[in-house]
Amino acid sequence: MTEQQPFDVVQQHDGWEVRRYPSHVVAETVVRGVPFEDAGNRAFRLLAGYIGGQNAARRSIEMTAPVVQSPEKIAMTAPVLQERTGEGHVVAFVLPAGITEAEAPIPTRPEVRLRTVPEQLVAVLRFSGRWTRESWERHRDELLAKVSSAGLTVRGEPRFARFNPPFTPWFLRHNEVQVEVEPAA
């Protein structure tokens with residue numbers, strides 16, 4: 001069983017929820033010149049290599065879920081999942097809970113970087129299905145409308161989170177659209 005990133009549910013709404021994610025470390029890479037649907041697969045090889053022992057310590061790290069994708073324009077302090085810009089996608093593996101950036105093995109490939117993501121409040125919409133741009137955009141728009149209707153303020157760009165390997169049948173896949181929101185005043 002793959003470890004899943006820990007979180008606490010703060011609010012439950014009709015079809016979506018708000019979660020608090022603790023600070024965590026990601027190994028991430030930027031993929032340029034490929035469509036949304038291919039970014040995760042292209043990045044997977046580099047990131048899987050890192051957690052498989054292609055690092056300065058030659059140490060394997062357990063795989064966790066989700067794999068996240070964000071637009072490249074996301075600020076370094078913002079969360080990273082799958083999102084897109086005209087240029088590229090940032091794709092990240094969340095490292096297991098308890099690993100700090102200082103303790104994580106140093107990547108040997110310059111395309112892989114480590115980053116600590118601070119604690120976040122995140123609105124989440126879960127869905128199943130194929131990893132297509134159309135599906136992502138439809139669910140992203142649905143989540144943003146629900147967040148706005150609930151009076152929450154969005155911080156940053158929505159991101160795409162995948163929890164299953166590519167060989168999982170599309171109708172069994174656990175996917176999420178996530179977007180950081182401001183804590184209530």
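This is a predicted model: local features need pLDDT of at least 70, side-chain atom pairs count only at pLDDT 80 or more; totals for chains, interfaces and linings use all residues.
Two cavities of 30 Å³ or more are found in a search of the whole structure.

The largest pocket has a volume of about 390 Å³. Of its 17 lining residues, Met63, Arg162, Phe163, Asn164 and Pro165 lie nearest the centre. Helix H1 (36–51) and strand S5 (64–65) are the elements that give two or more residues to this lining; H1 gives the most, with three residues. By class, the lining of the largest pocket comprises nine nonpolar, seven polar and one charged.

## Aromatic pairs

The structure contains seven aromatic pairs. In one of them, the ring centres of Phe7 and Tyr21 are 5.5 Å apart and the planes stand at 50°, so the pair is tilted. Phe7 belongs to the loop between strand S1 (3–4) and strand S2 (8–13), and Tyr21 to strand S3 (residues 16–21), so the pair ties together parts 14 residues apart in sequence. Phe7 is partly exposed at 33% relative accessible area, whereas Tyr21 is buried at 3%.

Phe127 and Phe160 form a stacked pair, with 6.3 Å centre to centre and 25° between the planes. Phe127 lies in strand S9 (residues 120–127) and Phe160 in strand S10 (residues 154–162), so parts 33 residues apart in sequence are tied together. Phe127 is buried at 7% relative accessibility, and Phe160 is buried at 1%. Ring pairs link Phe36, Phe127, Trp136 and Phe160 into a cluster.

## Charges over rings

The charged end of Arg19 sits over the ring of Phe7, 4.1 Å from the ring centre. Arg173 lies over the face of Trp131, at 4.0 Å from the ring centre.

Technical notes
Residues are numbered from 1 along each chain as its sequence is written. Side-chain values use heavy atoms; hydrogens and water are left out. On a 1 Å grid over the protein atoms alone, a cavity is a set of points where a 1.4 Å probe fits but cannot get out, and a pocket is an open set with protein on both sides within 12 Å along at least five of seven lines; lining residues have an atom within 4 Å of a point. Grid points are joined across faces, edges and corners, and a volume is the space filled by probe spheres set on the points. Helices (H or I, at least four residues) and strands (E, at least two) are DSSP runs, numbered from the N terminus. Ala, Val, Leu, Ile, Met, Phe, Trp, Tyr, Cys and Pro count as nonpolar, Asp, Glu, Lys and Arg as charged, and the others, Gly among them, as polar. Rings of Phe, Tyr and Trp (its six-membered ring) pair if their centres lie within 6.5 Å; planes under 30 degrees apart count as stacked, over 60 as edge-to-face and the rest as tilted. Buried means under 20% relative accessible area, exposed over 50%, partly exposed in between (1.4 Å probe, protein chains only). A charge sits over a ring if NZ of Lys or CZ of Arg is within 6 Å of the ring centre and within 35 degrees of the ring normal.
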